[in-house]
Amino acid sequence: MSETWPASVVLTGATSGIGLAAARLLAARVQTLVLHGPEPAEQVHEQVQRLRQGARAQVHYVQADFTSLRQVTAAAHRIADLVGGPDGGLDALVNNAGVPGARTRQLTADGFERTWQVNHLSPTLLTRLLLPVMGRGSRIVNVGSTTHRMATLSLDDPDLEHGYDPVRAYARSKLAIVAGSAELARRLEERGIDVVSISPGVISTSLLHAMFDTGGADVEHGARRLVEALVRPVRSGSYVDDGRVVQASAEARDPAVQERLARLTERQLERVTRTTPAGAPA
């Protein structure tokens, strides 16, 4: 991917924290910016209007609660319409949306552990549905975390029925993001679509403080790392930690683990919804 700014960008988790700070940066640099958040449009109307003021980009907002895979599917169709239909109209997708591990184990209405669904399954589904509107030279940026090094995937117990812990739930979802990104990068190599996973650094957000008693850099630092990942000339499949290309954990790099994760994810998604390509009839 060249160092020129992408014309069209989809940014999930754009209504708070790092995502909102990144939206401010992107609104001044790209032509079309589609923002996602879980809130109803009327709840974030003023926020979106402020982003539109003086922006270079046409700024759109699409709502979807990532605890519902059907809402993710509907959002993907809406996004495909906004970026020009199934003709390669989307240049970059940033999967930034995420939640901390809840204090006690929670299942979504779809039947999955909440952190796993919001942080892994829903971004995976959104990516899959938007691939038909992405062309050669586009890039997918998946926001992971250095906490992925603290976890194992435990694929025989994906919903953490045994030994649930909020930090474990969060860290393993981020491990799934990093491992899944490497596997997706291989699959998309022939199509010329780059996939990069990043940790934006330790950033002082409500998400961080929900699980860890520690400080961190401001959200603007994290936003800069996220936005840099859109244009930085790194090899597809790379993992970038706070601006440096480094090796991910051994488990994240293991092709056998990546393949097992891909098969599990496929089974879980098929259990709930038909993944019709965005822009195609449902």
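This is a predicted model: local features need pLDDT of at least 70, side-chain atom pairs count only at pLDDT 80 or more; totals for chains, interfaces and linings use all residues.

Ser-197 faces Tyr-239 of strand S7 across the strand pairing. The setting is the pair formed by strand S6, residues 194–199, and strand S7, residues 239–241, which run in the parallel sense and are joined over three bridges.

Eight strands make up an open sheet with mixed pairing, and their order is S3-S2-S1-S4-S5-S6-S7-S8. Strand S3 (58–63) and strand S8 (244–246) each have a single partner strand, so these two stand at the edges, and one side of each has no neighbour in the sheet. On average, neighbouring strands are turned by 25° against each other, with direction ignored.

Two helices pack on this sheet. Helix H1, residues 17–27, touches strand S1 (8–11), strand S2 (32–37) and S3, and its direction makes about 170° with that of S1. Helix H3, residues 69–82, also touches S1, S2 and S3; here the angle is about 160°, taken with the direction of S3.

I turn now to the second largest pocket, whose volume is about 430 Å³. Its lining comprises 26 residues, and His-120, Thr-124, Gly-180, Leu-184 and Arg-187 are those nearest the centre. Which elements give two or more residues to this lining? They are helix H4 (114–130), strand S5 (134–143), helix H5 (166–187) and helix H9 (255–272). H5 gives the most, with eight residues.

Thank you for your attention.

Technical notes:
Residues are numbered from 1 along each chain as its sequence is written. Side-chain values use heavy atoms; hydrogens and water are left out. Two strands pair if DSSP finds at least two bridges between them. Helices (H or I, at least four residues) and strands (E, at least two) are DSSP runs, numbered from the N terminus. Axes are lines fitted to C-alpha atoms, for helices over the stretch in contact, and angles run from 0 to 180 degrees between N-to-C directions. Contact means heavy atoms within 4.5 Å. On a 1 Å grid over the protein atoms alone, a cavity is a set of points where a 1.4 Å probe fits but cannot get out, and a pocket is an open set with protein on both sides within 12 Å along at least five of seven lines; lining residues have an atom within 4 Å of a point. Grid points are joined across faces, edges and corners, and a volume is the space filled by probe spheres set on the points.
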